[in-house]
Amino acid sequence: MSAPRLPPLPTIRDILKLYNLSATKRLSQNFLLDENITNKIVAKAGNISGGQVLEVGPGPGGLTRSILKKIPERLVVVEKDERFKPTLEMLADSFGAINGKMDIIYDDILKTNIENLFPLDKKRNWNDKSPDIFIIGNLPFNLATYLIIQWLHAISEQRGPWAFGRTKMTLTFQKEVAERLVAPPMGDQRCRLSVMAQTWTFPVLRFIIPGKAFVPKPDVDVGVVSFTPLVKPRTQYDFKFFERITRHIFNFRQKYSIRCIETLFPKEYRKDLGLMTYKLADLEPTLRPTQLTIEDINKLATAYKYLLEKHPELKLYNYRTSRHLLPLSNTKDIIVQDCAEI
Ligand code: SAM
């Protein structure tokens, strides 16, 4: 028996005209009308046939159609702009006509509880292969980086769609951001985002979509990135703690990384404690931030954690808000003692 097919539909271009739908800058709307490209994005998401799919920001539904053609068990779309109601409802009806299930949520993806969207029988153990749940989205540029950081945090705590196992995501970003997400150490693009993405997932830059493929055409090209959560993250530390250190490390990209680590400490102890962190981590202080591997950053995190445990008052220090010295009466003595121990 041949696989069911969607009934014929008007083209997205015709639909945009019919409902007088123009892109809204405020919602970072750039539509993909080329079916070859939307099919290619879906192909990179994995075998979605019979699976549960969440699409973020379906807009007029170009990518949505490519998803539906693969006949998932169920598709849920989350769209903030209700102007797309007629076109999305048309797609849901067409899919319904072949016994498919498509649900539409008109809401902000940041406010939507996406854990409740999937059936419990899809749950897999974290160490097993990924569940049949897929997240796909041609994301709005103004949201993409914020959203991926939120989702990496959720992955690190196995929350939301990651309470079901190592759910894969296939998402679009501005080309420059996509390149940063996958940038290895030593490269110019290496930054906090590269480290955070690669600590909890295996991100792959699948292909580049030229800006001219979008309507309206953005000023930049777009990269399609897939993320598979790692069975074992490359740090044992929680997301916020690891992010704090990573953020400090990339504060001054061109300087020696020790200058960045020093900013974790109050001014008067900065030199000593910075040096001590590098001694404990067994790393060269002259390494530049972009030269550090995730394992190096993890060693620095371990050293910093050790110092925090020895001198809990250091936890109170905040580089951005601090104007004056902290009253660390005996810290200098302890530091000297610690240095002698190393
Ligand atoms: N998927 C469509 C395509 O490929 O042609 C549209 C992509 S467009 C770049 C981004 C879509 O995300 C728009 O439809 C926009 O309305 C929607 N969007 C923007 N912010 C959103 C948010 N916070 N939550 C849900 N959808 C959002």
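This is a predicted model: local features need pLDDT of at least 70, side-chain atom pairs count only at pLDDT 80 or more; totals for chains, interfaces and linings use all residues.
Take a look at Trp151. Leaving out residues up to four places away in sequence, Trp151 touches Val56, Ile109, Ile114, Ile135, Trp162, Met169 and Leu171.

## Helices H2 and H3

Now for some helix packing. To describe two packed helices, you give the angle between their axes and the distance between those axes. For helix H2 (residues 35–44) and helix H3 (residues 62–69), the angle is about 55° and the axes are 8 Å apart. H2 and H3 are therefore oblique to each other, and H2 passes H3 in a right-handed crossing.

Who makes the contact? On the H2 side you'll find Glu35, Thr38, Asn39, Ile41 and Val42, and on the H3 side Gly62, Leu63, Ser66, Ile67 and Lys69. Sorted by type, the residues in this contact are four nonpolar, four polar and two charged.

## Helices H10 and H11

Here's another pair to find in the structure. Helix H10 (residues 270–281) and helix H11 (residues 294–310) cross at roughly 125°, and their axes come within 8 Å. This makes H10 and H11 oblique to each other, and their crossing is right-handed.

H10 brings Leu273, Met276, Thr277, Tyr278, Leu280 and Ala281 to the contact, while H11 brings Lys299, Leu300, Ala303, Tyr304, Tyr306 and Leu307.

## A loop residue: Lys212

To finish, hop over to a loop. Lys212 lies between strand E7 (201–209) and strand E8 (214–215). Is Lys212 buried or exposed? Its relative accessible area is 66%, and exposed means over 50%, so Lys212 counts as exposed.

Lys212 also shows how sequence and space can tell separate stories. Along the chain, Lys212 and Leu32 are 180 residues apart, yet in space their C-alpha atoms are 9.8 Å apart.

Terms used: Residues are numbered from 1 along each chain as its sequence is written. Side-chain values use heavy atoms; hydrogens and water are left out. Axes are lines fitted to C-alpha atoms, for helices over the stretch in contact, and angles run from 0 to 180 degrees between N-to-C directions. Helices (H or I, at least four residues) and strands (E, at least two) are DSSP runs, numbered from the N terminus. Angles under 35 degrees count as roughly parallel, over 145 as roughly antiparallel, 65 to 115 as roughly perpendicular and the rest as oblique. A crossing is left-handed if the near helix is turned anticlockwise from the far one by less than a right angle, and right-handed if clockwise. Contact means heavy atoms within 4.5 Å. Ala, Val, Leu, Ile, Met, Phe, Trp, Tyr, Cys and Pro count as nonpolar, Asp, Glu, Lys and Arg as charged, and the others, Gly among them, as polar. Buried means under 20% relative accessible area, exposed over 50%, partly exposed in between (1.4 Å probe, protein chains only).
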